[in-house]
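Dear colleague,

Please find below the sequence and structure that I am handing over to you. My findings follow directly after them.

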Amino acid sequence: MSLRRSRINVYLVMQYSPSSFSVVKAQRLIVPCLLGVLLLFVSAAESAAPYELRSWDELSDQDMTALGRAALRGRPIRWVHAESDRYIYHAANRRTLDRVAREVEWADAEIERRLGLPATESRGRWFVVEEERVWRRLIRMSGGRHDGAAVHLGNELFIRRDRAHDLNHIDIPHELVHFRLQQAYDNLPLWLEEGLAQWLGWELAKTYQLRQGFSLHREHEPIPSDDRLSWDDVLLRTTYPRDPGQNRAFYRQSSVLIEQLAQRLGPDEMGAFVQKALRHRGDFHRTVEMAYEWSPDDEADFFERVEAVLWP
Ligand SMILES: [Zn+2]
């Protein structure tokens, strides 16, 4: 395990919480006949489980952090466990584990392909936490905030399954983008990593839900002008803002920045953009000027478009 992988990082996916700024809705599609046949074909092709169930004693690796042990509440024998080549899974029941593992395996391969990432060297470990009490304890132990719906610490990924609201549709791909980027690169600037997790996480969530027959929609509440961050602040930050309004603004501004960049450069270019940005020390301006030959007018035009989306 490299130093990089043992480093503790906490990412709270605040925008997913009901009290926060983005509302996500899933609508069941009235499936036209042809698409229905296609979906049936896809689900038949996916019926083989991409993991193997294991008892606790059969798991190839039982080593986990104090946070992981806290999630299992010292009673791993009561949990359902499984492993694949890339991940180990722990959930309260087989049905939840199956849903999570299938989405993780699919999204993981997509992220690798779309961002041109090398295969992972070490396995990640997923915990699906259902009990409110346990979740609160995890948030406390990780030093995070209460309204997060997912926590990522080193190789361990925790998502919350709220019994009333079930799993959140965008936690898994979002957290996976963070996880895979951290495995592949050191020192990715915060705006780039969070922006990619927001943009690609959402794209993958929509695609995956569509394959299940659901169409995902979300609405963003406008960012109050007092909370808006300067672009220098967004692009130079190394930590998330503590102020909840500014935190919200940071997520949204980095998200729209990357979304517009993907539109401008093409989504297939984003993996190469990450590498080019790292060659220019994560400096957005230098990267677009040196690697993409943007003029000052191109940049001004780009930020104008970004701001037109953010505050129409
Ligand atoms: Zn994130």
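Asp186 is placed in the loop between H6 and H7, where helices are DSSP runs of H or I with at least four residues, strands are runs of E with at least two, and both are numbered from the N terminus. Asp186 counts as exposed because it has 10 C-beta neighbours inside 10 Å; the cut-offs are 20 or more other C-beta atoms within 10 Å for buried, 12 or fewer for exposed and partly exposed in between, with C-beta atoms placed from the backbone. Although Asp186 and Leu278 are 92 residues apart in sequence, their C-alpha atoms are 9.0 Å apart in space.

The model is a predicted one, in which local features need pLDDT of at least 70 and side-chain atom pairs count only at pLDDT 80 or more, while totals for chains, interfaces and linings use all residues. Residues are numbered from 1 along each chain as its sequence is written.

Asn187 also lies in the loop between H6 and H7. Its phi is near 60°, a positive value in a residue other than glycine. Asn187 counts as exposed, with 10 C-beta neighbours inside 10 Å.

As to the helices themselves, H6 (residues 171–184) and H7 (residues 190–211) pack at about 135° with their axes 7 Å apart; axes are lines fitted to C-alpha atoms, for helices over the stretch in contact, and angles run from 0 to 180 degrees between N-to-C directions. H6 and H7 are therefore oblique to each other (under 35 degrees is roughly parallel, over 145 roughly antiparallel, 65 to 115 roughly perpendicular, and the rest oblique). In their contact, Pro173, His174, Val177, His178 and Leu181 of H6 meet Glu193, Leu196, Ala197, Leu200, Gly201, Leu204 and Ala205 of H7; contact requires C-beta atoms, placed from the backbone, within 7 Å. These residues comprise eight nonpolar, three polar and one charged (Ala, Val, Leu, Ile, Met, Phe, Trp, Tyr, Cys and Pro are nonpolar, Asp, Glu, Lys and Arg charged, and the others, Gly among them, polar).

Arg281, in the loop between H10 (270–279) and H11 (284–291), has a positive phi near 55°. Arg281 is exposed, with 10 other C-beta atoms within 10 Å.

For the protein as a whole, there are 12 helices and nine strands, and 33% of the 312 residues are buried. Mean pLDDT (the predictor's confidence in each residue, from 0 to 100) is 85, and 84% of residues reach 70 or more. Over residues 1–21, pLDDT stays under 50.

With kind regards

Note on methods:
Two residues are in contact if their C-beta atoms, placed from the backbone, lie within 7 Å.
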